[in-house]
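Hi everyone, thanks for coming.

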Amino acid sequence: MKPIRIIEICANSAQSCVEAEMGGAKRVELCAGIPEGGTTPSYGEIMTARELTSAIDINVIIRPRGGDFLYTPAEVQSMLHDIEMCKQLGVHGVVFGCLTKEGDIDVTLMRRLMDAAKPLSVTCHRAFDVCRDPFVALEQLIELGCDRILTSGQQSDAVKGISLIAELVKRAANRIIIMPGCGVREENIVKIEQETGAKEFHTSARSIVYSKMVYRNENVPMGSNVVSSEFETVETDRKKVAAFVS
């Protein structure tokens, strides 16, 4: 019997969590700040996601800012408070990753955060992809007790990282879940699945949602110039999710 493919959706809102659930995804990683690579969403967003869904597992990213994964004491304190918030809200898990300035897993800080997160599930995010030695990091994260590693194989996307992902799956030997993410698409997931042996996959499955505003002043941008229009957003699309699940 063919093993069941587990799909985790990178959800940028409570509504995206709803769409992910309707499409048949097993889990979401709920994030704000998607252009920054994901930051911790608000209390209200997490609570609403919990209220509007019934079956899907909600994992929340714990990342106080974009940029690197070397955190200050103040940022660590913020992360600890956010982990406590997630526990109070009853989510399934949290997602974080911390590095030393030398590019290794910060084992001491990871253990501190993981202890604070118990009994929630813990995923190490793509901080792993910029660590110095992925095989040393793999063993450290297993020893720490992480449930899974989200990785693009230390490449710009998971297809380019297939060879490393496959080696990580082999070395993990079912001691930790290796979950390919970044650039996982409907047209390449079978290739990644077959060539890596991975069972869980992380994708966005988003579509553009157009504003219903009639009056529009397009001369006043509200954010970064990387945003193409203030009258377009993106949201998880249940039909795209269903295509991955099947």
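Let's begin with the open space: about 660 Å³ lies in the largest pocket. Of the 27 residues lining this pocket, the closest to its centre are Cys10, Cys182, His202, Ser204 and Arg206. A word on how a pocket is found: on a 1 Å grid over the protein atoms alone, a pocket is an open set of points where a 1.4 Å probe fits, with protein on both sides within 12 Å along at least five of seven lines, and lining residues have an atom within 4 Å of a point. Grid points are joined across faces, edges and corners, and the volume is the space filled by probe spheres set on the points.

Before going on, please keep in mind that this is a predicted model: local features need pLDDT of at least 70, side-chain atom pairs count only at pLDDT 80 or more, and totals for chains, interfaces and linings use all residues. Residues are numbered from 1 along each chain as its sequence is written, and side-chain values use heavy atoms, with hydrogens and water left out.

What kinds of residues make up the lining of the largest pocket? There are eleven nonpolar, eight polar and eight charged residues. Here Ala, Val, Leu, Ile, Met, Phe, Trp, Tyr, Cys and Pro count as nonpolar, Asp, Glu, Lys and Arg as charged, and the others, Gly among them, as polar. Strand 8 (200-203) and helix 8 (238-245) each supply at least two residues of the lining. Helices (H or I, at least four residues) and strands (E, at least two) are DSSP runs, numbered from the N terminus.

Cys182, one of the residues closest to the pocket centre, sits in the loop between strand 7 (177-180) and helix 7 (189-196). Its phi is near 85 degrees, a positive value in a residue other than glycine. Is cysteine 182 buried, exposed or partly exposed? Cysteine 182 counts as partly exposed, because its relative accessibility is 25%. The cut-offs are under 20% relative accessible area for buried, over 50% for exposed, and partly exposed in between (1.4 Å probe, protein chains only).

The side chains of glutamate 8 and histidine 202 make a polar contact of 2.6 Å. A polar contact is a pair of N or O atoms within 3.5 Å; within protein, one must be able to donate a hydrogen and the other to accept it, and residues adjacent in sequence count only if both atoms are side-chain atoms. Glutamate 8 belongs to strand 1 (residues 6-11) and is buried, with a relative accessible area of 2%.

Another buried glutamate is glutamate 200, at 6% relative accessible area, and its place is in strand 8. Its side chain has a polar contact of 2.6 Å with that of arginine 27, and one of 3.0 Å with that of arginine 148.

The largest nonpolar core has 64 residues, and Phe96, Leu141 and Ile176 have the most contacts inside it. Helix 3 (residues 73-89) gives the most to this core, with seven residues. Such a core is a set of buried Ala, Val, Leu, Ile, Met, Phe, Trp, Tyr and Cys residues joined through side-chain atoms within 4.5 Å.

Helix 1 (residues 14-23) is mostly covered too, with eight of its ten residues buried. Those buried residues pack against strand 1, strand 2 (27-30), helix 2 (43-52), strand 10 (232-236) and helix 8. After helix 1 comes glycine 24, whose phi is positive, near 100 degrees.

Let's finish with some backbone details. Most residues other than glycine have a negative phi, and most peptide bonds are trans. The bond from lysine 118 to proline 119, however, is cis, with omega near 10 degrees. Proline 119 is in the loop between helix 4 (107-117) and strand 5 (121-124). Glutamine 154, in the loop between strand 6 (148-151) and helix 6 (162-172), has a positive phi near 55 degrees.

One last stop: glycine 66, in the loop between strand 3 (57-61) and helix 3. Which residues is glycine 66 in contact with, leaving aside its neighbours within four places in sequence? They are Glu36 and Thr39, where contact means heavy atoms within 4.5 Å. The C-alpha atoms of glycine 66 and glutamate 36 are separated by 5.0 Å, although the two are 30 residues apart along the chain.
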